[in-house]
Amino acid sequence: MKISPYIESLIEKACKLNKTIVLPEGEDVRVLQAAHEAAERHLAKLIILGCPEEINAYFDKQGWAMDGIETLDPARSPKLQDYAKLLYELRKEKGMTEEEAAKTVLIPNYFGTLMIKAGDADGMVSGANHSTADTVRPALQIIKSSRKDRIVSALFIMAAQNGRIYYLSDCAININPTAKELVDIALSTAESAMQFGDKPQIAMLSYSTYGSGKGEGADKVREATALAKEALKAPEYAAMDIKLDGELQADAALDVAVGQKKAPSSEVAGNANVLIFPNIEAGNIGYKLLQRLGGAEMYGPLLQGLNAPINDLSRGCFAEDIVGVIAITVLQTQKKGC
Ligand SMILES: CC(C)(COP(=O)(O)OP(=O)(O)OC[C@H]1O[C@@H](n2cnc3c(N)ncnc32)[C@H](O)[C@@H]1OP(=O)(O)O)[C@@H](O)C(=O)NCCC(=O)NCCS
């Protein structure tokens with residue numbers, strides 16, 4: 001399996017942490033290939049949900065050992081009743097009945113998420129075979145936002161062809177964030193960049209730079225920029241040297257010459273490494289264009305702002321992408337930078 005230099009560098013750090021990651025999609029060959037690669041590299045202990053007999057048969061056929069890999073059929077798990085009870089307790093106020101909890105716990109994404117809630121796993125990677133909504137919903141309902149005042153959002157880490165690492169949000173969860181929600185997304189993404197060792201230079205992206213274009217979209221980003229600059233004055237951010245500016249077009253954010261022309265007073269223009277999109281349409285289309293036409297490596301959607309790391313995959317992902325997201329998930333279990 002060909003692993004990129006960026007992911008190799010993350011694997012090296014992740015190996016030292018001895019974490020347990022649950023992979024709920026044992027029916028998918030790409031997940032099994034990724035689990036094998038991750039286990040061979042001692043990246044994490046893996047728990048694959050699915051039919052153990054079928055998974056073992058696949059590994060046998062490939063001649064692969066199962067060291068570091070556990071297989072588990074939720075329906076036959078000795079903890080099934082405990083997890084159903086836990087789910088019922090967590091969701092009864094939202095109207096879930098015991099019968100519904102007993103059925104829902106059997107859905108692999110719910111089972112895996114409950115394993116994390118119960119402390120039986122540290123993180124989860126799913127989505128090779130499920131929509132983003134089906135992967136993310138259990139996380140939002142059970143693991144919950146780590147801050148009551150901030151929404152959970154979806155990040156892509158991009159290893160670009162120019163050798164730089166960029167952080168792009170929100171490309172997958174919040175459909176049309178308000179100005180306040182864009183601030184949440186920007187702050188969470190800045191924290192993610194720092195967690196992965198980068199100093200955030202945040203561009204609040206728009207089709208307009210410093211008022212060059214008119215319309216509600218640009219107004220929203222301008223308002224979000226003002227709110228975010230205010231939020232960054234809080235003592236918790238004082239020592240972090242986070243730079244943020246907007247509204248900026250993508251060329252002004254990324255190209256020094258264009259940045260100097262369109263936003264000469266900006267500390268961010270030309271040097272942005274954190275790109276905040278105005279809505280999910282711009283974010284989702286943007287990341288796919290960068291990946292398909294720009295040749296960038298993209299990892300995500302990675303959830304940020306949750307109490308424990310649960311990450312999604314694109315259904316078009318390759319086994320090596322899953323290995324990359326497992327490494328990222330292990331590193332996200334650390335509260336501080338890695
Ligand atoms: C993420 C998503 C699935 C959540 O929507 P939903 O399933 O309808 O969920 P609800 O609105 O009923 O919310 C479910 C729970 O999640 C919480 N929630 C929803 N969005 C949240 C967010 N951004 N941050 C924190 N919590 C959130 C709700 O508060 C609710 O909690 P509760 O049930 O404990 O009160 C929805 O926003 C979505 O479909 N987004 C687009 C996904 C997509 O298609 N992406 C493109 C492909 S990558």
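Around the buried residues of helix H2, the cover includes strand S1 (20-23), strand S2 (45-49), helix H3 (52-62), strand S3 (69-72) and helix H14 (319-332). This is a predicted model, and its domain assignment gives domain 1 (1-142 + 306-338) and domain 2 (145-298). A ligand is present as well, and 16 residues surround it, with at least three residues of that shell drawn from each of domain 1 (1-142 + 306-338) and domain 2 (145-298).

**Helix H2**

- The buried residues of H2 are Val31, Leu32, Ala34, Ala35, His36 and Ala38, and among the elements that cover them are strand S1 (20-23) and helix H14 (319-332).
- Helix H2 (residues 29-40) has 12 residues, which at 1.5 Å a residue should span 16 Å, and the 17 Å between its end C-alpha atoms agrees with that expectation.
- Just after H2, the residue His42 takes a positive phi of about 55°.

- The C-alpha centres of domain 1 and domain 2 lie 29 Å apart, and the contact between them takes 12 residues from domain 1 and 13 residues from domain 2.
- On the side of domain 1 that touches domain 2, the elements that give two or more residues are H7 and H14, and the largest share, three residues, comes from H7.
- That side of domain 1 divides by residue type into six nonpolar, five polar and one charged.

**The ligand shell**

- Of the residues that surround the ligand, the closest are Ala133, Leu140, Ile151, Val152 and Ala172.
- Helix H7 (residues 132-143) supplies the largest share of the shell around the ligand, namely six residues.
- By residue type, the shell around the ligand divides into nine nonpolar, five polar and two charged.

**The largest nonpolar core**

- The largest nonpolar core has 103 residues, and of these Met204 and Ile326 touch the most other members.
- Helix H14 gives the largest share of this core, nine residues.
- Because domain 1 (1-142 + 306-338) and domain 2 (145-298) both give residues to this core, it lies between them.
- Leaving aside its neighbours within four places in sequence, Met204 is in contact with Leu182, Ala186, Val221, Ala224, Thr225, Ala228, Leu244, Gly246, Glu247, Leu248 and Ile276.

**Backbone features**

- Most residues other than glycine have a negative phi, and most peptide bonds are trans.
- The peptide bond from Gly246 to Glu247 is cis, with omega near -15°; Glu247 lies in strand S8 (residues 243-248), and both Gly246 and Glu247 are among the contacts of Met204.
- Another cis peptide bond joins Gly300 and Pro301, where omega is about 0°, and Pro301 belongs to strand S10 (residues 297-304).
- Asn18, a residue other than glycine, has a positive phi near 50°, and it is found in the loop between helix H1 (5-14) and S1.
- With 11 other C-beta atoms within 10 Å, Asn18 is exposed, because a residue counts as exposed if that number is 12 or fewer.
- Lys144 has a positive phi of about 70° although it is not a glycine, and its place is in the loop between H7 and strand S5 (153-159).
- Lys144 is partly exposed, with 16 other C-beta atoms within 10 Å.

**Leu106 and its surroundings**

- Leu106 lies in the loop between helix H5 (98-104) and helix H6 (108-117), and with 15 other C-beta atoms within 10 Å this residue is partly exposed.
- Once its neighbours within four places in sequence are left aside, Leu106 is in contact with Pro74, Ala75 and Phe111.
- Leu106 and Thr189 are 83 residues apart along the chain, and their C-alpha atoms are separated by 33 Å.

Methods:
Residues are numbered from 1 along each chain as its sequence is written. This is a predicted model: local features need pLDDT of at least 70, side-chain atom pairs count only at pLDDT 80 or more; totals for chains, interfaces and linings use all residues. A residue is near a molecule or strand if its C-beta atom, placed from the backbone, lies within 6 Å of it. Helices (H or I, at least four residues) and strands (E, at least two) are DSSP runs, numbered from the N terminus. Ala, Val, Leu, Ile, Met, Phe, Trp, Tyr, Cys and Pro count as nonpolar, Asp, Glu, Lys and Arg as charged, and the others, Gly among them, as polar. Domain bounds come from an automatic or database domain assignment. The expected span of a helix is 1.5 Å times one less than its number of residues. A residue is buried if 20 or more other C-beta atoms lie within 10 Å of its own, exposed if 12 or fewer, and partly exposed in between; C-beta atoms are placed from the backbone. Two residues are in contact if their C-beta atoms, placed from the backbone, lie within 7 Å. A nonpolar core is a set of buried Ala, Val, Leu, Ile, Met, Phe, Trp, Tyr and Cys residues joined through C-beta atoms within 7 Å.
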